[in-house]
Amino acid sequence: RIVFLNGSFLPIEEAKVPFMDRGFMFGDGVYEGIGMLDGRLIDNEAHLERLERSLAEIRIPNPYTRAEWTRFQEELARRNGMTEGFIYFQVTRGVAERDFFFPDDPKPTVAMFTQAKSIADAPAARTGIAVVTVPDLRWQRRDIKSINLLAQVLAKQAAKEAGAQEAWLVEDGFVTEGGSSSAFIVTKQGSIVVRPLSNAILPGITRKSLLRLSQEDGIVLEERRFTVEEAYEAAEAFLTSASNFVLPIVSIDGRPVGDGKPGPVTTRLRALYLQMAAAPALA
Ligand code: PMP
């Protein structure tokens with residue numbers, strides 16, 4: 001398995017990050033994750049734009065241009081023989097003696113790896129998944145894609161131990177988002193409901209594409225917060241993320257959503273998304 005570290009492609013066993021890296025010591029960094037289908041990166045410009053924004057917000061200089069990022073991503077996928085899966089890339093503030101203040105001359109650490117994975121034909125897309133709700137214990141800048149994921153680690157582990165595959169995070173009675181996904185419900189009238197962008201959630205790239213596709217398809221969008229109770233009563237629920245596209249949710253806190261099977265609106269949106277991902281130039 002080949003990974004990318006600071007400009008080099010090398011076997012994962014040889015890819016070593018220094019002990020004093022601020023990513024390791026402070027979680028001082030940001031990351032991105034992007035889906036690949038048929039050897040094509042999906043929505044890469046939007047992911048690179050979000051990376052630029054995350055870096056700017058925490059004041060780490062972006063080490064590469066968009067063209068360089070893209071070249072490294074494609075080269076890494078090629079070297080691993082991956083045409084479908086996930087590419088992870090992160091940037092930390094680099095190596096310095098442990099001190100909270102920024103180093104004077106930061107040299108960001110850049111790490112990237114691939115995970116081959118069947119996204120288009122995932123079994124979970126046919127069966128749907130279970131989610132459980134847990135309190136959202138994260139900080140107040142969730143719009144930054146920080147590598148600090150402790151709250152999500154705990155939330156998703158709690159979900160797993162409750163027999164579910166994702167956690168829905170709840171604040172003030174409203175669902176913010178999933179532990180690693182954007183959260184949607186479909187009303188009995190067939191409109192989709194999603195929380196508006198703010199510092200309370202990550203601006204999901206799949207969310208953005210999905211909203212465009214749903215609007216082109218004439219589906220009514222209600223961009224507003226929704227409560228856990230409203231989710232229990234919804235006709236359908238689903239999540240979106242770069243590594244899963246659109247995934248039906250068939251139970252919330254052990255209660256079946258609708259008839260407990262993936263619903264028609266979710267199924268249609270997944271199909272539209274797959275179509276777009278397979279032929280982006282035509283979308
Ligand atoms: N919210 C959170 C907290 C996430 O970690 C992710 C996955 N990156 C998402 C939403 C979905 O974002 P995207 O569609 O860009 O993968």
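The centres of domain 1 and domain 2, taken over C-alpha atoms, are separated by 26 Å in this predicted model, where the domain assignment of the protein chain places domain 1 at residues 2-116 and domain 2 at residues 123-278. To the contact between them, domain 1 contributes 21 residues and domain 2 contributes 14 residues.

On the side of domain 1 that touches domain 2, at least two residues each come from strand S3 (29-37), helix H2 (44-58) and strand S5 (85-92). Which of these elements gives the most to that side of domain 1? It is S3, with eight residues. Sorted by class, the side of domain 1 that touches domain 2 holds eight nonpolar residues, eight polar residues and five charged residues.

A second contact to follow is a packing of helices. Two packed helices are described by the angle between their axes together with the distance between those axes. For helix H6 (residues 205-216) and helix H8 (residues 264-278), the axes come within 10 Å and cross at roughly 110°. Because angles of 65 to 115 degrees count as roughly perpendicular, H6 is therefore roughly perpendicular to H8.

The residues that meet in this crossing are Ser209, Leu210, Leu213 and Ser214 on the part of H6, and Leu269, Leu272, Tyr273 and Met276 on the part of H8. By class, the residues of the contact of H6 with H8 comprise six nonpolar and two polar, with no charged residue, whereas the side of domain 1 that touches domain 2 includes five charged residues.

Conventions:
Residues are numbered from 1 along each chain as its sequence is written. This is a predicted model: local features need pLDDT of at least 70, side-chain atom pairs count only at pLDDT 80 or more; totals for chains, interfaces and linings use all residues. Axes are lines fitted to C-alpha atoms, for helices over the stretch in contact, and angles run from 0 to 180 degrees between N-to-C directions. Helices (H or I, at least four residues) and strands (E, at least two) are DSSP runs, numbered from the N terminus. Angles under 35 degrees count as roughly parallel, over 145 as roughly antiparallel, 65 to 115 as roughly perpendicular and the rest as oblique. Two residues are in contact if their C-beta atoms, placed from the backbone, lie within 7 Å. Ala, Val, Leu, Ile, Met, Phe, Trp, Tyr, Cys and Pro count as nonpolar, Asp, Glu, Lys and Arg as charged, and the others, Gly among them, as polar. Domain bounds come from an automatic or database domain assignment.
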